[in-house]
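Colleague: Could you take me through the aromatic contacts and one of the sheets of this model, giving the criteria as you go?

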Amino acid sequence: MQQIIITTPDDWHLHFRDGDMLGETVPATARCFARAIVMPNLVPPVVNAKLANEYKARILAARPQGSNFEPLMTLFLTNQTTKQDIIDAKNSGVIAAKLYPAGATTNSAQAVSGIEALYPVFEEMQIQGLLLLVHGEVTESHVDIFDRERVFIDQYMAKIVQAFPELKIVFEHITTSDAAEFVLSSAGNVAATITPQHLLLNRNDLLVGGIKPHNYCLPVLKRSSHQQALRKVVASGSNKFFLGTDSAPHAKHAKENACGCAGCYSAWSALELYTQVFDELDALDKLEGFASFHGADFYGLPRNTGTVRLDKKSWTVPESVILPSGEPIVPFFAGQTVNWEINHA
Ligand code: NCD
Ligand code: ZN
Ligand code: ZN
């Protein structure tokens, strides 16, 4: 196939950041996605409805002229989050809350320790119909970084799922066959997002022939057998899996650093790279479900009505992009060839 037209997709997991960075990140996502679930891990984090609405207004102000892009706002759960915070969030249009185990990832120092302490909050989310989005990794220092997602399933995820059968839960950016199997074997209230990097790459792409800091993200890339398991579930067309880029910009100096930040800035190529993966898997007929239907259906939101066209045409991701601050950032897949291109005509 040389061309494919799909319903306009949504990005069910990404990081816009804040301030002048929005001038880069919002147009990059709005170029092809109609909506996006905006992660709340700002500094300080988005912990209540007021902060979420102020953040939303800043995102809307950064949209390109004429764009109808819609940010979908989320709350950052902490040990101080109350039931009232959930009720207020629901009433002001926030649709989900994000569970980061404290210290698991970028800007999560203020997040949750002792996840069971949040059960009353999950209870209220279940009542209010707010989704629970989970960064599923344990943070105990003795647990090997490559095992942290699998251990999280046994220690926390399975218990949360069992305790809240009516709570919609998204296992974010899954990276292992264990997580894929867990989601597949769970009831209909459990789903997962999958990033382009975890479909395209494995840990060799991070560590062989020199460390590649721009492929470093969390959860960290896993061995090839896990990558293959993720490719298999998306090719199956299962409606439990949907697009979430986890586009997570960090300036070049923060990535190319003795203590480099985790996150791949994929907004400029993500939809094209997903298309490439589905093409490689001979499963282009499953792309639209993954990119445009499964997420909206799971969230209980209407599917988009527009379309985007992708052409089988090679282009090269730029080596770097200049942020509004003047700093360079290296986009995901920089300098590499992508086989599909969005047609903006
Ligand atoms: C994300 C970020 O930079 O905010 N980084 C990442 O490696 N994925 C945080 C996250 O999604 O865990
Ligand atoms: Zn995360
Ligand atoms: Zn993320």
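This is a predicted model: local features need pLDDT of at least 70, side-chain atom pairs count only at pLDDT 80 or more; totals for chains, interfaces and linings use all residues.

Modeller: Residues are numbered from 1 along each chain as its sequence is written, chains are lettered from A and ligands numbered from 1 in the order in which they are written, and side-chain values use heavy atoms, with hydrogens and water left out.

Colleague: How many aromatic pairs does the count come to?

Modeller: Rings of Phe, Tyr and Trp (for Trp, its six-membered ring) pair if their centres lie within 6.5 Å, and planes under 30 degrees apart count as stacked, over 60 as edge-to-face and the rest as tilted. By this rule the count comes to 14 aromatic pairs.

Colleague: Which geometry do the rings of Phe122 and Phe164 have?

Modeller: A pair of aromatic rings is described by the distance of the centres and the angle of the planes. For Phe122 and Phe164 the centres are 5.7 Å apart and the planes stand at 85°, so the pair is edge-to-face.

Colleague: How many residues apart in sequence are the parts that this pair ties together?

Modeller: Helices (H or I, at least four residues) and strands (E, at least two) are DSSP runs, numbered from the N terminus. Phe122 lies in helix α4 (residues 119-128), whereas Phe164 lies in the loop between α5 (148-163) and β7 (169-171), so the parts tied together are apart in sequence by 42 residues.

Colleague: Is Phe164 buried or exposed?

Modeller: Buried means under 20% relative accessible area, exposed over 50%, and partly exposed in between (1.4 Å probe, protein chains only). Phe122 has a relative accessible area of 0%, and Phe164, at 2% relative accessibility, likewise counts as buried.

Colleague: Over which ring does the charged end of Arg203 sit?

Modeller: A charge sits over a ring if NZ of Lys or CZ of Arg is within 6 Å of the ring centre and within 35 degrees of the ring normal. The charged end of Arg203 sits 4.6 Å from the centre of the ring concerned, that of Phe146.

Colleague: What is the bridge partner of Gln3 in β10?

Modeller: β1 runs antiparallel to β10 (residues 307-316), and 5 bridges join the two. In β10, the partner of Gln3 is Asp311.

Notes:
Two strands pair if DSSP finds at least two bridges between them.
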